[in-house]
Amino acid sequence: MNRIDNSSRRGFLRQVFGTGALVLGARILPTRALAALESAVFSPNVFVGVKADGTVLIVAHRSEMGTSSRTMVPLILADEMEADWKRVKIEQAIGDEKYGDQNTDGSHSVRSFFGVMQECGASARQMLEQAAANQWNVPVSQCKATLHQVVHTSSGKKLGYGELAAAAAKLPVPDKSKLVFKKKSEYRYIGKEIPIYDLADITHGKAVFGMDAKVDGMVYASIEHPPVLGGKVLSFDDKEALQVRGVSRAVEIPAFKPPHGFQPLGGVAVIADNTWAAFQGRKKLKINWDPGSNASYTSSEYKKQLQATARKPGTVVRNVGDVDKGFAAAAKTLEADYYVPHLAHAPMEPEVAVADFRDGKCTLWAPTQNPQAVQDTVAAALGIDKKNVICNVTLLGGGFGRKSKPDYCAEAAILSKQLGKPVKVVWTREDDIHFDYYHSVAALYMKAGVDQKGKPVAWLQRSVFPSINSTFAEGVKLGSAGELGMGFTDTPYDLPNLRAENGEAINHVRIGWLRSVANIYHAFAVCSFADELASAAGRDSKDYLLELIGPPRLVDLKAQGVDYPNMGPIEQYPVDTGRLRKVIELVAEKSGWGKRKLPKGHALGIAAHRSFLSYIATVVEVAVSPAGKISIPRVDMAVDAGMIVNPDRVRSQFEGAAVFGASLALMGEITATAGKIDQSNFNNYPVVRMNEAPLETRVYIVETDAPPAGVGEPGVPPFAPALCNAIFKVTGKRIRELPIGRQKLV
Amino acid sequence: MITLKINGAQRQFDGDPEMPLLWYLRDVAGLTGSKFGCGVGLCGACTVHQDGVAIRSCVTPVRGTVGKEITTIEGLGSSLNGGDHPLQKAWAALNVPQCGYCQVGQIMQAASLLKTKPKPTDKDIDDGMSGNICRCGTYQRIRAAIHMAAKEKA
């Protein structure tokens with residue numbers, strides 16, 4: 001794969017791409033230039049091209065759902081290439097494995113592609129320099145690429161990138177070992193606050209989201225899904241539906257074959273010449289359902305089962321010392337049960353996709369986090385090869401993990417094939433809430449034995465939740481190492497005796513990853529319980545937390561026998577309690593912890609959590625009115641996410657994480673009765689509004705040369721425990737179940 | 001056949017007069033700046049102006065807008081109207097959007113707010129903007145951008 005072959009263009013591409021792509025697990029290397037780059041005369045790899053007029057085309061292969069990946073990943077390439085950002089045009093990639101991983105999920109766009117983008121940028125820059133050197137007949141060492149042109153350093157002669165493109169295209173792509181990278185001090189854009197590429201389009205309503213995709217001859221579809229997971233259509237009557245003006249027909253979509261994976265749920269689609277008519281027609285359908293086996297699922301009963309399981313021994317997933325001996329020797333024991341319900345993603349743009357099946361090929365336009373999963377899912381649904389599935393990626397009106405699951409795309413594809421014309425499937429908000437891949441419900445049990453001073457000498461924690469793996473396999477009962485590694489098996493406290501156990505749970509709804517995933521419930525329990533111990537010991541929460549974490553060190557989970565995937569190579573991204581301590585100290589200082597004068601009814605709470613390889617400490621100021629009404633005047637967050645591409649976009653992600661965290665902590669709850677989800681829209685699945693959101697969130701970024709880590713997700717987990725710890729300080733009431741809105745505070 | 005006036009132009013529509021304005025704008029008129037978020041007036045993504053006042057186009061039948069001036073984002077800060085609205089400038093200056101989907105509705109709502117409250121307090125902004133949801137959580141910057149635009153206008 002890495003064999004250097006200078007005799008063919010394909011060889012050059014292999015050479016430049018081999019390393020980066022292999023690291024990322026890509027299997028296939030490009031055999032031809034991407035369509036988006038076909039107007040380029042010089043295209044040394046699949047991510048960049050230069051047109052004759054000097055325009056630099058950079059391919060964004062990650063999806064844009066608000067995290068700025070579509071801008072910031074190409075920006076790394078542009079910087080390294082010495083391209084003038086004003087003359088860069090971003091082309092959104094279709095789904096294609098030649099780009100490596102495109103699943104915009106897991107907070108890793110920058111982390112995984114920083115190096116790849118630098119390599120692609122450096123090789124393009126060096127080829128342009130070589131082309132200039134050849135033209136001037138001077139040593140390449142005298143040719144320096146500077147802001148879209150190459151300058152001959154001794155004579156001051158200049159040639160623009162457009163002028164050099166044709167000559168550069170004839171040169172061999174330099175070997176990776178020959179690439180010379182810019183120094184950090186030479187960065188032009190990295191570390192600066194460059195606005196997102198689509199900013200003006202967004203503020204003028206010109207940005208194209210999935211909801212805005214339109215192709216000629218397109219019809220609109222709205223689908224009545226089985227109300228219970230695994231339900232089936234027995235029969236349906238569409239007579240009244242067809243009376244609705246604009247409705248042309250109704251089409252049954254078959255139920256999935258377990259495991260459901262990303263397959264459509266099945267149901268009946270109403271086809272019309274506009275969206276509203278499809279919605280209206282659908283209301284007139286009469287469907288006779290077989291509800292299926294999950295009709296016995298009622299979340300209030302299920303909750304009791306999970307809690308009972310958490311009170312019993314489970315599968316040991318981490319063991320340090322001897323917990324039972326530790327408890328026997330403890331001066332005192334404390335225990336607590338925590339519970340977090342199912343949550344829905346509720347992105348502002350409901351699920352939507354356009355598909356056009358013709359001549360054995362299916363072309364889609366979709367707001368998807370994972371266009372390669374769209375290829376796989378649509379190919380399986382239509383029985384065609386995935387190379388015949390062309391997935392165009394629009395902007396996403398929010399994703400939060402929902403749009404990495406392309407069931408809605410497969411629906412559009414199935415309907416287009418059946419109808420022989422392009423189809424746009426539009427989900428309503430009710431569809432979105434009823435048919436999510438929910439964030440997992442979880443019950444946790446925590447127990448600590450403490451010494452005379454209140455320091456834990458034994459720590460037992462149990463986590464019980466239906467696993468995301470149940471989406472992909474039947475009969476899954478235990479959590480995956482990945483889920484357990486999100487704040488549970490990697491608890492960073494300095495404990496002589498620690499045992500972590502996982503209990504069994506079966507899913508009755510579709511379970512999927514949601515922004516920060518299992519970290520939400522694990523951080524809630526672990527960070528809340530730490531605060532419970534601090535107050536039981538009569539200690540300051542921050543001081544106690546630092547002692548609990550212990551001295552700066554690298555926690556070697558592998559040596560403790562833990563199956564810990566981490567989210568990146570452990571050598572590069574160790575579990576470093578020094579970095580965790582540092583963000584706690586920073587946020588304490590910046591928030592005025594222990595010093596700030598607060599009005600009556602206000603208090604601060606603190607929590608710190610490592611996730612997605614980043615270290616976050618959060619201080620929440622809460623105000624509780626005499627009537628028990630909560631407001632959040634201020635949030636302080638200290639962030640060590642390694643090297644940062646754009647401080648402003650990092651701050652915005654953490655500002656957003658505070659709001660997302662406030663939504664799930666204050667009001668997020670999905671329940672079910674007889675297998676049907678009880679919530680339906682923003683009236684009964686509320687999310688935080690302007691008047692409920694934290695009034696001010698201040699974000700402090702640790703300056704570091706550590707490798708880039710996650711940004712989009714890690715701000716969420718510490719928020720709920722920090723808020724609940726603050727509420728305890730005001731009210732004396734411990735919140736052990738979310739959402740807080742369910743509890744009486746006074 | 002009914003006649004609508006959208007962004008200063010007359011448009012004829014012979015479809016179902018019960019169709020919400022949002023779907024007329026998006027599917028029929030091709031003005032896709034206004035967004036579908038909830039369909040029941042709970043999120044504000046579909047906000048447009050009717051005679052200068054913010055309304056939820058997802059629950060406003062087209063028949064109800066006859067004889068009224070409808071303004072959408074496409075008509076708010078256009079070259080016809082002398083360039084960007086001060087809110088659009090403030091939105092860009094403060095890098096408000098994340099995903100961007102709700103932002104058109106937020107801007108239209110804020111533009112309506114500034115007409116009645118040219119110098120809004122934080123409380124005015126809470127009252128005026130709490131019908132508009134942003135799931136990405138850009139509220140802090142929306143508030144700052146409204147204050148900035150108010151300052152520029154004054």
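Helices (H or I, at least four residues) and strands (E, at least two) are DSSP runs, numbered from the N terminus. One such helix is α18 (719-731) of chain A, and A:Pro739 sits in the segment after this helix. The model is predicted: local features need pLDDT of at least 70 and side-chain atom pairs count only at pLDDT 80 or more, while totals for chains, interfaces and linings use all residues. Residues are numbered from 1 along each chain as its sequence is written, and chains are lettered from A and ligands numbered from 1 in the order in which they are written.

**Interface of chains A and B**

- Contact joins 45 residues of chain A to 44 residues of chain B; two residues are in contact if their C-beta atoms, placed from the backbone, lie within 7 Å.
- On the side of chain A that touches chain B, the elements that give two or more residues are α5 (199-203), α7 (275-283), α17 (647-666) and β29 (696-701) of chain A.
- α17(A) supplies the largest share of that side, seven residues.
- The side of chain A that touches chain B comprises 21 nonpolar, 15 polar and nine charged residues. In this classing, Ala, Val, Leu, Ile, Met, Phe, Trp, Tyr, Cys and Pro count as nonpolar, Asp, Glu, Lys and Arg as charged, and the others, Gly among them, as polar.

**Domains of chain A**

- Chain A is split into domain 1 (9-202), domain 2 (213-293 + 351-426) and domain 3 (299-343 + 437-742); domain bounds come from an automatic or database domain assignment.
- Between the C-alpha centres of domain 1 and domain 3 of chain A there are 39 Å.
- In chain A, 16 residues of domain 1 are in contact with 18 residues of domain 3.
- α2 (69-81) and α3 (109-136) of chain A are the elements that give two or more residues to the side of domain 1 that touches domain 3.
- That side of domain 1 of chain A has seven nonpolar, six polar and three charged residues.

**Helix α2 of chain A**

- In α2(A), 13 of its 13 residues are buried, so the helix is mostly covered. A residue is buried if 20 or more other C-beta atoms lie within 10 Å of its own, exposed if 12 or fewer, and partly exposed in between, with C-beta atoms placed from the backbone.
- The end C-alpha atoms of α2(A) are 18 Å apart, which agrees with the 18 Å that its 13 residues should span at 1.5 Å a residue. The expected span of a helix is 1.5 Å times one less than its number of residues.
- Just after α2(A), A:Glu82 has a positive phi of about 65 degrees.

**Strand β19 of chain A**

- Strand β19 (residues 442-450) of chain A has eight of its nine residues buried, so the strand is largely enclosed by the rest of the structure.
- Strand β14 (residues 332-340) of chain A runs antiparallel to β19(A), and nine bridges join the two. Two strands pair if DSSP finds at least two bridges between them.
- A:Lys447 of β19(A) is the bridge partner of A:Glu335.
- β19(A) also pairs with strand β20 (residues 456-464) of chain A, in the antiparallel sense over eight bridges.
- A:Gln461 of β20(A) is the bridge partner of A:Met446.
- The hairpin of β19(A) and β20(A) has five residues between the strands, and A:Gly454 there takes a positive phi near 90 degrees.

**Domains of chain B**

- Chain B consists of domain 1 (2-76) and domain 2 (79-153) by this assignment.
- The centres of these two domains of chain B, taken over C-alpha atoms, are separated by 20 Å.
- In chain B, 16 residues of domain 1 are in contact with 15 residues of domain 2.
- β3 (47-50), β4 (53-56) and α2 (73-76) of chain B are the elements that give two or more residues to the side of domain 1 that touches domain 2.
- β3(B) gives the most to that side, with three residues.

**Backbone features**

- The peptide bond from A:Leu738 to A:Pro739 is cis, with omega near 0 degrees.
- A:Asn566, a residue other than glycine, has a positive phi near 55 degrees, and with 17 C-beta neighbours inside 10 Å it counts as partly exposed.
- B:Asn95 has a positive phi near 50 degrees and lies in the loop between α3 (86-93) and α4 (103-116) of chain B.
- With 21 C-beta neighbours inside 10 Å, B:Asn95 counts as buried.
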